[in-house]
Amino acid sequence: MPNPSNSSRLTDELAKWRDIIVEYARMEELDFYETIFEVLELDQINQVAAYGGFPQRYPHWRFGMEYEKLQRQHRYGLGKIYEMVINNDPCYAYLLNDNAIVDQKTVMAHVYGHCDFFKNNIWFSQTNRRMMDEMANHATRVRRYIDRHGLEQVETFIDTCLSIENLIDPHSVFVQRQPRRGSKPTSLHEASQPTKYPAKSYMDRYINPPERLEDEKKTRTEAAAAKLNIPASPMRDVLLFILQHAPLKDWQADVLAMIREEAYYFAPQGQTKIMNEGWASYWHSTIMTNYCLRDHELVMYCDHHSGTLATSPGRLNPYKLGIELFRDIERRWNTGKHGIEYDRCEDMEERRKWQTMDPPEGRVVGKGSPGREKIFEVRAIYNDVTFIDAFLTPEFVDDQKLYHYRYDPNTGRMVVVNRDFNKIKQQMLYMLTNHGQPYIYVLDGNYRNRGELYLAHKWNGIDLQIKYAVETLKNIQKLWNRPVHLQALIDEDPMLFSFDGKQSTQQRIDEAIESPAIALD
Amino acid sequence: MISSITKDHQRFRNIIKGRIRKDLRRFLTRGELIGREGKKAISIPVAGIDPPHFRYGDNDDSGVGAGEGKAGDQADTQGDGVGPGGDQEGKHILEVEVSLDELADILGEELQLPRIEPKGRKQITSQRDRYIGIRQTGPESLRHFKRTYRRALRRQIMTGIYDPDNPRIIFERSDKVFRSWKTVMSPQSNAVIIYMMDVSGSMGDEQKELVRLEAFWIDAWLRRNYQGIESRYIVHDVRAGEVDRDTFYRIREDGGTRISSAFKAARDLLENQYVTDEWNVYLFHFSDGDNSSESDSRECCQMLKEVLLPMCNMFGYCQVASAYGSGNFINVLHEYVPDEEKLITSRVNNKDDIYDSIKAFFSTGK
């Protein structure tokens with residue numbers, strides 16, 4: 001196991017607390033892989049944080065940039081990392097060595113919340129639980145390529161790949177789109193075999209004349225080759241398409257595959273940020289306030305807990321939103337505040353007072369109440385989008401004082417527009433869908449029958465940023481090696497952005513422009 | 001062993017420096033860096049570091065926040081909000097901190113400036129004793145009491161003669177440890193820069209902006225080459241006087257120009273406060289070259305030759321273009337003070353000329 005160098009084991013006191021906390025976590029029916037805590041110094045924890053939580057990553061300047069940011073943040077007292085945890089089996093979590101004991105206890109409780117979420121949330125079910133080893137392998141392989149091909153070349157290639165690392169399809173891991181291994185392979189060779197009619201050997205050259213066979217083989221090969229370059233339906237996993245069809249060298253394909261693998265590994269964490277942090281905060285709060293907090297630690301715990309959950313101008317705190325929503329769900333299911341009649345009720349007062357059953361009395365442990373049972377279910381099968389969609393209620397929006405804001409060009413500031421529930425919910429879903437990033441699809445890999453790549457942006461309310469789109473297109477061209485095109489709606493006009501390796505062009509899409517092999521639905 | 005993050009970090013710094021070097025002409029000619037400098041470091045906006053991604057444009061700046069307030073109130077000061085808007089453009093620009101020394105190095109490499117050889121007295125060093133070590137022998141006055149006590153205590157406990165009820169500690173000779181010192185030699189090369197500026201009516205804001213930019217880079221480069229450096233500022237029209245830095249850039253006067261007044265003020269300053277044998281002296285004069293009289297210009301040349309040039313490492317005259325002035329002073333200098341390698345003149349007509357002007361001033365390595 002590639003452990004972070006110089007990491008140290010827990011002190012006796014921390015080990016004692018870990019044993020206590022893990023017992024309470026199990027008692028509360030949290031279910032997690034074995035969790036290993038390491039105590040790191042500030043510098044080490046900054047390194048690990050820069051690497052996205054891993055002790056080993058491939059060499060790349062971007063991690064150095066992250067590292068500098070963290071260092072600077074700390075120097076100016078803007079932020080301190082309390083915890084970090086990796087979705088892995090066993091789970092690895094890091095503690096900062098100069099934190100106070102009460103912080104370490106809170107972090108441990110928080111970490112067990114995360115570990116339970118990693119193990120049980122369905123969106124994490126397809127992630128590689130040996131990612132720690134895999135990341136180390138990636139590092140070794142990239143280092144080898146750097147030794148062989150030079151830093152500049154490998155680094156430039158990684159930069160190019162990173163430009164499109166967000167063009168993946170997080171849902172595809174649940175769908176079997178590619179033919180299964182073992183099923184009938186349809187290779188180019190097989191698809192190009194001409195039809196042969198059965199014939200006795202002496203008749204063969206008359207029934208299956210060699211010229212016809214040659215001709216047919218040729219046309220079939222061409223047709224098959226063309227077909228291989230066309231996705232069956234609009235394909236969101238642009239990375240995969242490029243990986244399969246772009247003329248990449250072996251090492252390049254390997255690097256691109258690594259970046260794709262890592263993107264898929266991190267994707268569920270982006271999809272469940274609010275839930276994951278909310279769940280972990282719910283449990284650190286429950287475990288600490290019910291069991292592990294000592295009198296003299298109370299003030300410091302409250303200070304740091306409220307600091308973590310504080311709302312500040314300019315951002316919606318996922319910790320706060322998550323924990324409040326989980327608590328709200330628990331309350332509602334404990335008092336029967338759900339169901340079709342409740343959902344249909346439009347009278348705010350009535351909704352507020354809604355109660356069809358009495359909440360449980362005394363301390364609830366584990367799944368010992370309908371509310372608790374519900375939130376355990378929610379943590380297993382929802383992601384942020386469905387979480388907000390299903391459980392955001394007008395009362396919650398009101399209690400949390402959420403509002404919808406908009407940029408005011410007159411004052412140059414953000415102003416509150418209104419507190420309309422539907423508008424707020426729509427806006428939140430909008431921001432969360434695809435992690436606030438545009439949907440890009442492959443429509444054709446043999447556009448105009450010239451092996452050109454045709455991508456399309458699926459418009460759903462907001463235009464693409466043109467400058468970035470043009471720059472990104474240039475990077476895709478470097479990978480594809482033939483001209484690339486991007487169809488996008490800009491100011492309600494369908495536009496085609498193209499880059500042929502030398503020149504960037506854009507034109508309005510009209511009849512004169514050939515359509516791609518398949519259309520965006 | 002160097003940890004891998006250190007390598008990544010160094011690589012990142014190198015990339016940053018490369019970008020700054022590439023954009024140096026832009027930084028030199030636009031005032032982007034002015035006012036961004038801290039004590040030792042400067043925050044520089046570097047564009048295009050992050051790989052570009054497909055992303056949404058900023059034509060829909062809205063989001064959801066939490067907090068008090070009614071419709072129409074400002075959202076960014078009360079409660080929080082998140083949305084796709086606001087910082088779209090800004091995100092691609094990365095603020096990095098570069099030390100002033102690094103920036104000067106980049107300037108030096110890009111402009112191929114030779115390092116300055118402080119004039120003639122490299123041997124002059126100051127010595128300082130620093131007490132940083134411990135040793136077994138030394139004078140009693142330097143005895144390290146705490147350590148000595150600890151050693152004695154330890155010895156007594158080990159040998160079993162320590163009595164907790166009567167805790168008397170008696171030093172032996174072998175217990176004693178002493179502070180030791182090391183003499184640190186620090187080379188002394190001090191420099192003073194005197195900026196002189198013509199603030200007569202013909203020098204407008206535009207001209208002053210040029211001066212300000214030029215002075216920033218002169219400062220940066222000289223600071224890199226000397227440890228202790230002082231800047232003094234003199235403004236003049238028909239009279240001259242010393243001012244502080246802020247005033248220097250802000251002051252606005254009317255009236256004529258008598259350049260000799262500034263030269264006299266500089267001479268007085270040098271003679272009173274900077275014994276020239278120990279100081280590397282840099283004089284810079286910024287003007288639109290519109291001196292009031294020919295005779296005063298000649299007096300200036302006289303002073304330059306006889307007094308100022310012998311005192312200084314370099315005299316830089318930078319003439320900025322002005323709509324009003326005749327700009328004749330630079331020609332007078334060329335005519336009456338020829339072949340003086342310490343006198344360097346340059347014309348700055350617009351911001352693009354600053355690059356060459358800096359290069360002209362420092363390419364001799366004085």
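Predicted model: local features only at pLDDT ≥ 70, side-chain atom pairs only at ≥ 80, totals over all residues.
Local features require pLDDT of at least 70 and side-chain atom pairs pLDDT 80 or more, whereas totals for chains use all residues. Side-chain values use heavy atoms, without hydrogens and water.

Chain B holds 11 helices and 12 strands, taken as DSSP runs (helices H or I, at least four residues; strands E, at least two). Of its 366 residues, 46% count as buried, that is, under 20% relative accessible area with a 1.4 Å probe and protein chains only.

The buried residues of helix α11(B) include I354(B), Y355(B), F361(B) and F362(B).

| Element of chain B | Residues |
|---|---|
| α2 | 24–29 |
| α4 | 100–111 |
| α6 | 205–225 |
| β10 | 279–287 |
| β11 | 314–320 |
| β12 | 343–348 |

D296(B) lies in helix α9 of chain B, residues 294–311. D296(B) is buried yet has no salt bridge, and the nearest side chain of opposite charge, R258(B), is 4.5 Å away. A salt bridge requires a side-chain nitrogen of Lys or Arg within 4 Å of a carboxyl oxygen of Asp or Glu; Lys and Arg count as positive, Asp and Glu as negative, with His and the chain ends not counted. Leaving aside neighbours within four places in sequence, D296(B) is in contact with R258(B), I259(B), S260(B) and N291(B).

How values were computed:
Residues numbered from 1 in each chain as written. Chains lettered and ligands numbered in written order. Buried < 20%, exposed > 50% of the residue type's maximum accessible area, 1.4 Å probe, protein only. Contact = heavy atoms within 4.5 Å.
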